[in-house]
Amino acid sequence: MQLKQSLLLFKVAAVGAAVIIATVSWFLYRELDHSKQLNDHLFKLQTQIQRLLDQEERFVIERQKASLLSIDEYRYAYRDSFNELAALLVSDHQHLALLFKLDEQVNRFAGLYEQLASMQALLGYDKDDGVYGEFRNKAHALQALAKAAKDPQLEILLLELRRREKDFLLRLDNSYLNQHGDLILQAKNRIREKFPERAESFLLTLEQYQNGFIVYTNVLKKQGLDHTQGVRGELGELKLAIRGHFTIVAKQLFSAYQEEQQQLILISLLSIVLSSGFSLLLLYYLNSRVSDQVMSIGRVLVRVAKHEDFSLRVNLHSEDEIAQIGHHLDELLDFIETLMARLSAAQQRLIEEAKMASLSNMVSGFAHELNTPLGIAITSQSHLKAQVENMRRDLDSGQLKKTTLTNLIGEAESALFLLENNLHRTASLIDDFKKVSAQQHYDTEMEFDLKTLVEGVFDCYRSDLPEQEYTIEIEIPDNLILSSYPNVFNQIIGYSLNNSILHGKHPDRPLTIVVSAHIVNDYVHFYFKDDGQGIDKELLPVIFEPFVTSKRHSGGTGLGLSIIYNLVTQKLGGEIKIQSPAHGGACLHIILANTPFKTVSPE
């Protein structure tokens, strides 16, 4: 099977797996949405039931008519929530039966709540309403009669009677009812004893008060003196039953739907696993076919990128699509290898040409510098020879005079002085050139005086540095001896000097070149700087790369700083930086961390 056909089969399998996953996801979403709706409706129903139960508790505590105003709203809200949940469970008969049983309990609770409210209406919602208002008015009438009769003892009995009444209503303790009954008997006896002629009206009012209070207490007992008695007790039991039944309904619903969800999830997972497993098998088959070839190509590319070795080849022997890529890569590497060989040869030729140009400039300068003392020496020798010939003729003719001899001696001394000085100058130039030339040819590590080496290089370029156009400052400590490669320093200074002359010199003003060296923390810091035209900021990031120059059409090759960079970093093991401020000028900074040095005290 070709790789293309295998990939097509894998795509079909992947699309099939995606369709299965999408379908399963849709079913899961639908089930989860149904579960969410069920949970929302259950929570809503629970909230409405709880509001009904809380409303009953609030009414029992407050016993105010205002507490009944929202009961109908809560019942309608409960009915709406119940109908919504019943509609959601219309096909689930088992759980629907449980829900209807819960509804029966809630309806019974509502009926008892209405019964409790009607009892409270009979008792009265304030001090002047219902049974409470009636027996309270009779109590006030009794107190008024006792006050009119001016019987302090009866007034005290009636006050004690009211206290026991209020104690019972406040604490709902039956012991206060017994005390209240005893006080009523004492009051009746007092009335019969002290007011026989008015006893009938007194006793009638007292009887009405007693009957009203008895009716009030009986209704209270029917309501329930605490939460375990009467209607309140039934309501409390119903509340517990409603909460418990709701918990059962919720648990059974969630348990049933959880089982359905688990089954659906299991089926979904099996479908996903099977489809994904089939896709993975296809992927493994494809991987086994192409992985070795791809890894071979990858290893070759990594080694090429890491070692820049374009002679490596993939050498795949099959003929599938990946192998064809490997063959094309081998052809590309072969082409790059040939191209790099040509480029390297061209670069080497340019470097050699740059070195020869630098050497040619140095030789030209040396020849120009050597021409002056030699010319003077030749002229002095010719003049001295002519004077000697004149003296010989005078001597042969016998006309030699003392004055002629004296003049000849004086001119001879002057000519010999000029001849001696210029020959010494010539010997010094030849010696410097021999040193530079020897250092160019013998690239060995040796000790040398840095300042003397720099001065020697500048002497070779003196003809290219006229004093009216160039100012040379060498700020290097005397007797600073380095143990390094003098040829490398010769080339660095030569290329730097050529760059300053070619790129830094402004036609309208002189150029100052400063060469300095300092020792900082046992590191040799070497500086070559000028105050010329500077370097364009666009060139600074790539200034050390080969063939980067701003004078390509004026004789620049762009190799000088690249050669300096390689000499410093590879040969000397140092670090190189270059700076060019916006106002002009350039500074080459070389840091030598591995170059031994010493300072020799002058003898």
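**Exercise 1.** Determine whether R190 and D151 are buried or exposed, and what parts the pair ties together.

Step 1. Both R190 and D151 are buried (buried: under 20% relative accessible area; exposed: over 50%; partly exposed: in between; 1.4 Å probe, protein chains only). This is a predicted model, in which local features need pLDDT of at least 70 and side-chain atom pairs count only at pLDDT 80 or more, while totals for chains, interfaces and linings use all residues. Residues are numbered from 1 along each chain as its sequence is written, and side-chain values use heavy atoms, with hydrogens and water left out.

Step 2. R190 forms a salt bridge with D151, with 3.1 Å between the closest N and O atoms (salt bridge: a side-chain nitrogen of Lys or Arg within 4 Å of a carboxyl oxygen of Asp or Glu).

Step 3. R190 belongs to helix 6 (residues 174-194) and D151 to the loop between helix 4 (130-149) and helix 5 (152-171), so the pair ties together parts 39 residues apart in sequence. Helices (H or I, at least four residues) and strands (E, at least two) are DSSP runs, numbered from the N terminus.

**Exercise 2.** Characterise the salt bridge between D478 and K451.

Step 1. The N to O distance of this pair is 2.8 Å.

Step 2. D478 sits in the loop between strand 2 (470-475) and strand 3 (480-484), and K451 in helix 11 (residues 450-460); the pair links distant parts of the chain, 27 residues apart.

Step 3. D478 counts as exposed, at 54% relative accessibility.
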